[in-house]
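These are my notebook entries on one structure.

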Amino acid sequence: MTAVQLGDAAATARRDRPESYKWIVLSNTTIGVLMATLDASIVLISLPAIFRGIHIDPLVSSNTNLLLWMLMGYMVVTAVLVVTFGRIGDMFGRVKMYNLGFAVFTLGSLAASLTYFNGSSAALYLIGMRIVQGVGGAMLMANSAAILTDAFPPDERGMALGVNTVAAIAGSFIGLVAGGLLAVVDWHLIFYVSVPIGLFGTVWAYLKLEEVQRGEGGRLDVPGNLLFGVGLVALLVGITYALQPYGGSTMGWQSPFVLGLLSGGVALLVGFAVVETKVPYPMFDVSLFKIRAFTAGNMASLLASIGRGGLMFMLIIWLQGIWLPLHGYSFTSTPLWAGIYMLPLTAGFLIAGPVSGYLSDRFGARPFATGGMVAAAVTFGLLMLLPTNFGYVWFALLLLGNGLAMGLFAAPNTAGIMNAVPSNRRGVASGMRSTFQNSGMTLSIGLFFTIMVVGLSSTLPTALTHGLVAEGLPASSASKIAALPPVSVLFAAFLGYNPMKSLLGPALKTLSPAHRAYVTGHLFFSNIISVPFHNGLTIVFSFALGMCAVAALASWLRGAPKVADSSVVQLDGIGAPSSSAGAETGAARGRRVARAGLAAEADVCAPARVVTISASYGSGGGEVGPAVAARLGIPFVDRAVPLRVAETLGVSADGAVAHDEHVQGAVARSLINLIGTPVSFGSAGIQTRPTDDEEAYRQATEKVLWDIASDKGGVILGRAGAIVLRDFPGALHVRLDGPAELRAERAAERLAIDEATARAQLRQTDDARAAYTHHLYGHDPSEPDLYQLVIDTTAMSLPAAVDSIVAAASAG
């Protein structure tokens, strides 16, 4: 560490790198997320070719599990792992995790492309390789947005994240066309096409991308990861298996196995939420949900993903099962043409995404994200008005409108989420954002298939019975066939199969050759299913419309634009620091509003000179603080804090002092400059010990610090002042630190103790300060992003440090 460090590490890195670097980052991350999301859909459209290639009939009941896992496995894995990989990126380096993701994804693609054997073993091998691809894709998606946020300044992030987000969403639709084109030639190509791109991206990322935000270290949250992973897998797998019929039911929602998975998954996720509030290094940083823009943006993203995912699957069934056969296309050719006819949707994304991202940099995310969801709801309403056998021009215009609406939403919403979080939490925030988005896509499959099956169940059996009887099939046989679960009809339409051959089976022999040819041709099934499908489609699009309307409301509730380019978590866009404590009380909310008023008043008047000093053990905080206060002519605030806390709470001074330092020996006594909570010493070191009134003392301490700053100002030593007064105008936040060994030597010299004692005290004191700040605010006091000025007092004299602080305070 140099003697003096200024500002945000990512901001400093942006200044030190050439202008071209951020465009290299944008280009590489766009390729990465495009490849990862394209691969999710390229397989969907190629499933008929894949199953024909490995000689498996996916409509046979014994193969249904293979079909479902081939369909859902990739999405389940990415949804589960993105938060974990985002957290690991924060800990050890986002670029490292991103580069590894490129390599893993490429190896998985290469292995999948080498599937030159047949049968169920080939299907299981492909599913396994899809899971490997999902691991790599999760690494890419978890860290790409965080890397972009680090590389671009706040006023350009909307554009950059817009390109990235649109690439991710457009990849899902581009994959439909690419899969259709490549599967016609050879289904192996849908995997092989990712190999050269992945090799290029891996080498390019390794050579060009650099870490701009140092890894913060910490420990991996093993209990949280296990609870979250197993819980989410159980929930998503339960939804997947619910698509299969069970007993006499058309679907499997009543299956004990499915109910066990769903209830067990929910229970594990509830346990996960509880654990995350207790562990020191949580995987899913629940404190981020106290940031209104983060919570509202992710809620809107989840709802939009449900609507968008359902739209994609319903459009594929609509085109492949009905519209294309009615217009003369064979069932085997419908996957390719469905992708082509859906291109207006992709075009809308590609047009609106970058433009809305660019505009959101100037006008904020809320109007564009909210407007996008309102427009998407309108397009879903208009799609309901189209007849099943529509005119393509109107259909294309509505798809273009929906793509424009979704693109208008996606880029600003992502920028709003990422701009709102602390810089040292961007990796986990990006992973959490991707989890909501990917989970929404997976959830939408179960929801929309279920809704459609419910809609079909009421009308399809009657329509199918009448149609088959009219073609000469005996009524008893027709009724038996019509009673089969509608989900098999949907899967057949989704895969581009003509379901009548599978449904009729031996009964085909009872029909005349002319009737047999018509029933198994491309017109009979499409005409029969048109009216029942439109009934189900109306229900599906009504649900999607509702999702978008609620998403629009959530997006509007994100509040005014707010950029958190430091490591301070902010509440409700006002800027009070967050706490790991429970819900905000009415009194706390009142104090928060009062602080906002003080800050606004201070913007008009000349701000008081306020300096907060966070000092590690042996860095000279006790000497530097009073000297700076004397030079600036403002109070030095230390022992007065507990006395004013006592006055605020109406408790005895002795009680407040005891709570402030809770003397337990020399080491605990040395913590008074920072710790305002009881501490206990045990075999694991020094740890915070929460008490029932801890929240009251914390809030009272914050109020006292704001009152002091608003009155005459002062030099405030410790007590997480840099976090508490993060938004106080004109405040200078300083960190005194240095290499641990050198600080221990200085402390031994100043305190006249031996170095072994000094090292032990240093270890205990620094650990206690870190535990206190993390416990109450979710941060480590050593994070450089919390301060404007970081001084290594082992590399410069204490008088020189005082001079530097006074100069910075006087200039500010």
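**Overall contacts and model**

I began with contacts (heavy atoms within 4.5 Å): of those in the chain between residues at least 6 apart in sequence, 81% join residues at least 24 apart. The model is predicted, so I note that local features need pLDDT of at least 70 and side-chain atom pairs count only at pLDDT 80 or more, while totals for chains, interfaces and linings use all residues. Residues are numbered from 1 along each chain as its sequence is written, and side-chain values use heavy atoms, with hydrogens and water left out.

I find 32 helices and 10 strands in the chain; these are DSSP runs (helices H or I, at least four residues; strands E, at least two), numbered from the N terminus. Of the 812 residues, 59% are buried. Buried means under 20% relative accessible area, exposed over 50%, and partly exposed in between, with a 1.4 Å probe and protein chains only.

**Helix α8**

I looked up the buried residues of α8 (residues 194–208) and found Ser194, Val195, Gly198, Gly201, Thr202 and Ala205. Seen down the helix axis, they fall within an arc of 130°, so they line one face of α8; the arc is taken from the directions from the axis to the C-beta atoms. Their cover includes α2 (20–53), α4 (94–113) and α7 (189–192).

**Aromatic pairs**

I searched the whole structure and found 26 aromatic pairs. Rings of Phe, Tyr and Trp (its six-membered ring) pair if their centres lie within 6.5 Å; planes under 30 degrees apart count as stacked, over 60 as edge-to-face and the rest as tilted.

Trp23 and Phe152 have ring centres 5.5 Å apart and planes at 80°, so I record the pair as edge-to-face. Trp23 lies in helix α2 and Phe152 in the loop between α5 (120–151) and α6 (154–185), so the pair ties together parts 129 residues apart in sequence. Trp23 is partly exposed at 37% relative accessibility, whereas Phe152 is buried at 0%.

**Around Trp318**

Which rings join Trp318 in a cluster of ring pairs? I list Trp323, Tyr329, Trp337, Tyr341, Phe380, Phe390, Tyr392, Phe395, Phe533 and Phe541. Trp318 belongs to helix α11 (residues 292–326) and is buried, at 0% relative accessibility. The C-alpha atoms of Trp318 and Phe533 are separated by 8.1 Å, although the two residues are 215 residues apart along the chain.
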